[in-house]
Amino acid sequence: MGIGTGIAIYFIIWWTTLFMTLPFRARSQVEDGHVVDGTEPGAPANANMGQRMLWNTVVATGFFALYYVVVYVIGFGIDSIPEIIPVRKV
């Protein structure tokens, strides 16, 4: 894997996990009991985006490490799928 490919795969994993980690520990303005006029009541009361992005980076790094181990250390790839699914020979 080249450095450009690694960065691209990490970016895709990071962006995907961002949507996975955003809802955790999020409290809406309604749940918090203080709705700011002119905003959506379901909007987060305190987004803490810096902390969320840090946790997202930790989770994405774990997923990237798992991907690297499975694909480049163990050697599992798209060509390995027929070996897992038995093919009936007629």
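Which side chain makes a polar contact with the side chain of Thr17? The side chain of Asn56 does, at 2.8 Å. A polar contact here is a pair of N or O atoms within 3.5 Å; within protein, one must be able to donate a hydrogen and the other to accept it, and residues adjacent in sequence count only if both atoms are side-chain atoms.

This is a predicted model, in which local features need pLDDT of at least 70, side-chain atom pairs count only at pLDDT 80 or more, and totals for chains, interfaces and linings use all residues. Residues are numbered from 1 along each chain as its sequence is written, and side-chain values use heavy atoms, with hydrogens and water left out.

## Confidence

pLDDT is the predictor's confidence in each residue, from 0 to 100. The chain has a mean pLDDT of 85. In 93% of its residues the value is 70 or more. Among the elements of the chain, helix 1 (residues 3-21) has the highest mean pLDDT, 93. Helix 4 (residues 81-84) has the lowest, 68. Where pLDDT is low, the predicted coordinates should not be read in detail. Helices (H or I, at least four residues) are DSSP runs, numbered from the N terminus.

Thr17 lies in helix 1. Thr17 counts as buried because its relative accessibility is 4%. Buried means under 20% relative accessible area, exposed over 50%, and partly exposed in between (1.4 Å probe, protein chains only). Leaving out residues up to four places away in sequence, Thr17 touches Asn56, Val59, Ala60 and Phe63. Contact means heavy atoms within 4.5 Å.

Arg52 is found in helix 3 (residues 49-74). Arg52 is buried too, with a relative accessible area of 14%. A polar atom of its side chain lies 2.8 Å from the backbone oxygen of Phe24. Beyond residues up to four places away in sequence, Arg52 touches Thr21, Leu22, Phe24, Arg25, Ala26 and Ala47.

## The largest pocket

Arg52 also belongs to a pocket lining. The largest pocket has a volume of about 360 Å³. Its lining has 13 residues. Phe24, Arg25, Asn48, Gln51 and Arg52 lie nearest the centre. Helix 3 gives the most to this lining, with four residues. By type, the lining divides into six nonpolar, four polar and three charged residues.

How is a pocket found? On a 1 Å grid over the protein atoms alone, a pocket is an open set of points where a 1.4 Å probe fits, with protein on both sides within 12 Å along at least five of seven lines; lining residues have an atom within 4 Å of a point. A volume is the space filled by probe spheres set on the points. Ala, Val, Leu, Ile, Met, Phe, Trp, Tyr, Cys and Pro count as nonpolar, Asp, Glu, Lys and Arg as charged, and the others, Gly among them, as polar.

## Partly exposed residues

Asp32 lies in helix 2 (residues 29-32). Asp32 is partly exposed, at 46% relative accessibility. Leaving aside neighbours within four places in sequence, Asp32 is in contact with Arg27 and Ala45.

Ala65 lies in helix 3. Ala65 is partly exposed, at 38%.

Gly75 lies in the loop between helix 3 and helix 4. Its relative accessible area is 48%, so Gly75 is partly exposed. Apart from neighbours within four places in sequence, Gly75 is in contact with Val70 and Ser80.

The table pairs each of these residues with another one, C-alpha to C-alpha.

| Pair | Apart in sequence | Apart in space |
|---|---|---|
| Ala65 and Val36 | 29 residues | 42 Å |
| Gly75 and Ile7 | 68 residues | 20 Å |

How values were computed: Helix = DSSP H or I, 4+ residues; strand = E, 2+ residues; numbered from the N terminus.
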